[in-house]
Amino acid sequence: MPLSTQLPTSGEPYVLVVSLDNARHLSSLLRAVHFQDHATCFATANGLRVTVEDAKCIQANAFIQAEIFQEFTVQEESVTFRINLSVLLDCLTIFGASSLPGTSTALRMCYRGYGYPLMLFLEEGGVVTVCKINTQEPDELLDFDFCSTKVVNKIILQSEGLREAFAELDMTSEVLQITMSPDKPYFRLSTFGNAGSAHLDYPKDSDLMEAFHCNQTQTNRYKISLLKPSTKALALSCKVSIRTDAQGFLSLQYMIRNEDGQICFVEYYCCPDEDITEAEL
């Protein structure tokens with residue numbers, strides 16, 4: 001590949017060097033978490049995590065495993081920096097968001113460490129473009145502490161089921177109410193919009209339901225304005241895992257299969273909007 005002969009080798013003093021034969025594998029995942037301008041990038045030997053937050057109420061993480069990359073070298077235990085995600089996406093799609101059939105944009109990304117810019121080398125059709133993006137001091141991120149031992153309820157749905165729900169529910173509602181229960185209605189989505197209340201129920205034996213592990217009845221409300229960005233990931237995904245903990249914090253983990261059949265994940269965490277009393281149900 002022409003790109004590899006024109007770029008610095010991983011033997012030079014870079015703390016992070018990654019390469020991809022198809023930059024779209026990265027740009028499509030980053031678009032799924034692009035609801036704020038800035039993101040924090042965190043690289044370890046396992047791969048790359050890109051985190052975006054808003055108002056300390058919602059956090060999105062795109063995980064790209066090291067195996068997805070043709071080259072993935074991290075010289076330190078972990079490498080962290082903050083970057084303008086909008087600029088990064090513009091650079092990744094500098095040859096156009098969708099290439100001609102049979103062509104792809106090759107990417108090599110290098111980072112020297114704290115205070116240095118992120119270097120992008122993109123090649124398509126023998127043309128190489130070099131981009132330098134300034135990096136920033138990473139912010140302290142929210143820790144939702146969503147370990148498996150704290151999960152109260154969990155279901156796995158085929159994504160088409162949730163896509164249909166978002167299409168049918170009344171999005172004039174300020175909140176989406178989620179009920180998960182070992183008994184009926186099992187899994188219910190509710191909205192309270194201009195046209196009144198609407199409910200959508202999924203039986204636990206539905207063809208769309210791949211796993212159902214509910215230990216107690218929970219009803220929580222989440223601001224729809226916070227959940228809307230996650231529909232970008234939903235549109236790309238084939239399955240979604242929906243989990244809640246005892247405090248009602250919500251995890252939406254989307255399994256996304258790229259053009260080469262490789263699996264990546266995008267996860268959204270969201271704080272509950274308010275406590276629901278029995279009188280309101």
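Phe-192 has Ser-197 of strand S14 as its bridge partner. Strands here are DSSP runs of E with at least two residues, and helices are runs of H or I with at least four, both numbered from the N terminus. The model is a predicted one, in which local features need pLDDT of at least 70 and side-chain atom pairs count only at pLDDT 80 or more, while totals for chains, interfaces and linings use all residues. Residues are numbered from 1 along each chain as its sequence is written, and side-chain values use heavy atoms, with hydrogens and water left out.

A second pairing into S14 is that of Arg-188 with Asp-201. Strand S13 (residues 187-193) and strand S14 (residues 196-202) run antiparallel and are joined by 7 bridges; two strands pair if DSSP finds at least two bridges between them.

The structure holds 6 aromatic pairs, where rings of Phe, Tyr and Trp (its six-membered ring) pair if their centres lie within 6.5 Å; planes under 30 degrees apart count as stacked, over 60 as edge-to-face and the rest as tilted. One of the pairs is the tilted one of Phe-187 and Tyr-202, with 5.4 Å centre to centre and 40 degrees between the planes. Because Phe-187 lies in strand S13 and Tyr-202 in strand S14, the pair ties together parts that are 15 residues apart in sequence. Both Phe-187 and Tyr-202 are buried (under 20% relative accessible area, with exposed over 50% and partly exposed in between; 1.4 Å probe, protein chains only). Elsewhere, Phe-35, Tyr-254 and Tyr-268 form one aromatic cluster.

Charges also sit over rings, as defined by NZ of Lys or CZ of Arg within 6 Å of the ring centre and within 35 degrees of the ring normal. Arg-221 lies over the face of Phe-192, at 4.6 Å from the ring centre, and Arg-112 lies over the face of Tyr-14, at 4.5 Å from the ring centre.

Lys-150 is found in the loop between strand S10 (135-136) and strand S11 (151-158). Lys-150 is partly exposed, at a relative accessible area of 40%. Although 94 residues separate Lys-150 from Thr-244 in sequence, their C-alpha atoms are 8.6 Å apart in space.

For the chain as a whole, the secondary structure comes to 6 helices and 19 strands, and 52% of the 281 residues count as buried. Of the contacts with a separation of 6 or more, 67% are between residues 24 or more positions apart, contact meaning heavy atoms within 4.5 Å. The pLDDT, the predictor's confidence in each residue from 0 to 100, averages 86, and 88% of the residues score at least 70. Residues 277-281 have a pLDDT below 50, and this stretch has 5 contacts in the model beyond near neighbours in sequence.
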